[in-house]
Amino acid sequence: LVSREMKKEDTKIVVGDLVIGGKIPVMIAGPCAVESREQMKAVASELNRLGVSFLRGGAFKPRTSPYSFQGLGREGLRLMREVADEYGMKVVSEVMSAEQLELAEEYVDIFQIGARNMQNFELLKEVGNAKKPVLLKRGFMATLEELMLAAEYIYARGNTQIILCERGIRTFEHWTRNTLDLSAVPILKLKTHLPVIVDVSHSTGRKDIILPISKAALAAGADGLMVEVHNNPAIARSDAHQQLNLEEFASLMEGLGLIKKNK
Ligand code: PEP
Ligand code: MN
């Protein structure tokens, strides 16, 4: 169902008055994790000023260590919704279980399925029944065919609003956090009718190459980018080293020629 053979024209994801998979690439930005109202306000107000409409932030964090910050849960979702509404932004946030999905339904506009859950088939079926778009991230050990089949689980249940996300895969290279598989973009665009975005933060794990990598992703045909942005990355409770500060993000937007100033 998700293959190009089944549907020739591109699928467009409509979120309110916004479109993902249309002519204009979208930017999904925000902190790794929702930490406080002050943090979300500082980030959202700058994103809004730069014309970014999608606010990301994890309230449920899939952390490698059980002792790491696990996210604020419902309080984080509530807080992010409130701040997003202040600026007329859309909320993108990860869910890791059916219970979290039910909880998040009230607060988010797009459900994110993280790399670690790309093959959590029961969760895929659950979001397949949901009435909101799903941003499905590629597992770091998953082939493109496996990513497409994961999307198929969602689509087959009736939820056709799926965005695929390349976020890097595991290789022997350790100068980047993951290896961005840029060929995934044109291949997925050929093989499927779904929009494809690139997470330039988790794929590289570093800030110093984010501009050329972002340019490359868009040049390869990506329908949008995901970038982690924090008002004070040094004190971030997760992924501190890879999150851009507000100035760095503004200069990325400028470098990409994507700024459409709101205020
Ligand atoms: C995230 O985007 O917050 C995240 C945890 O990314 P990934 O699932 O790609 O590791
Ligand atoms: Mn992160």
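A residue counts as buried if 20 or more other C-beta atoms lie within 10 Å of its own, as exposed if 12 or fewer do, and as partly exposed in between, with C-beta atoms placed from the backbone. The model described here is predicted, so local features need pLDDT of at least 70 and side-chain atom pairs count only at pLDDT 80 or more, while totals for chains, interfaces and linings use all residues. Residues are numbered from 1 along each chain as its sequence is written, and chains are lettered from A and ligands numbered from 1 in the order in which they are written.

Helices (H or I, at least four residues) and strands (E, at least two) are DSSP runs, numbered from the N terminus. Running from residue 144 to 156, α5 has 13 residues and reaches 18 Å from its first C-alpha to its last, close to the 18 Å expected at 1.5 Å a residue (that is, 1.5 Å times one less than the number of residues). Its buried residues are L147, M148, A150, A151, Y153, I154 and Y155, and they pack against α4, β7, β8 and α6. Two residues are in contact if their C-beta atoms, placed from the backbone, lie within 7 Å. Following α5 comes G158, with a positive phi near 115°.

What about the core? A nonpolar core is a set of buried Ala, Val, Leu, Ile, Met, Phe, Trp, Tyr and Cys residues joined through C-beta atoms within 7 Å. The largest one has 77 residues, and M80, L136, A151, I163, L164 and V227 have the most contacts inside it. Helix α5 gives the most to this core, with seven residues. Leaving aside residues up to four places away in sequence, I163 touches I13, I20, P133, L135, L136, L194, P195 and I197.

Helix α1 (residues 37-49) also has 13 residues. Here Q39, M40, V43, A44, L47 and N48 are buried. They sit on the same side of α1 because they cover an arc of only 145° around the axis, the arc being that of the directions from the helix axis to the C-beta atoms. Their cover includes β3, β4 and α2. Just after α1, G51 takes a positive phi of about 85°.

Out in the loop between β10 and α9 lies A234, which counts as exposed because it has 9 C-beta neighbours inside 10 Å. A234 and N245 are eleven residues apart in sequence and 9.1 Å apart in space, C-alpha to C-alpha.
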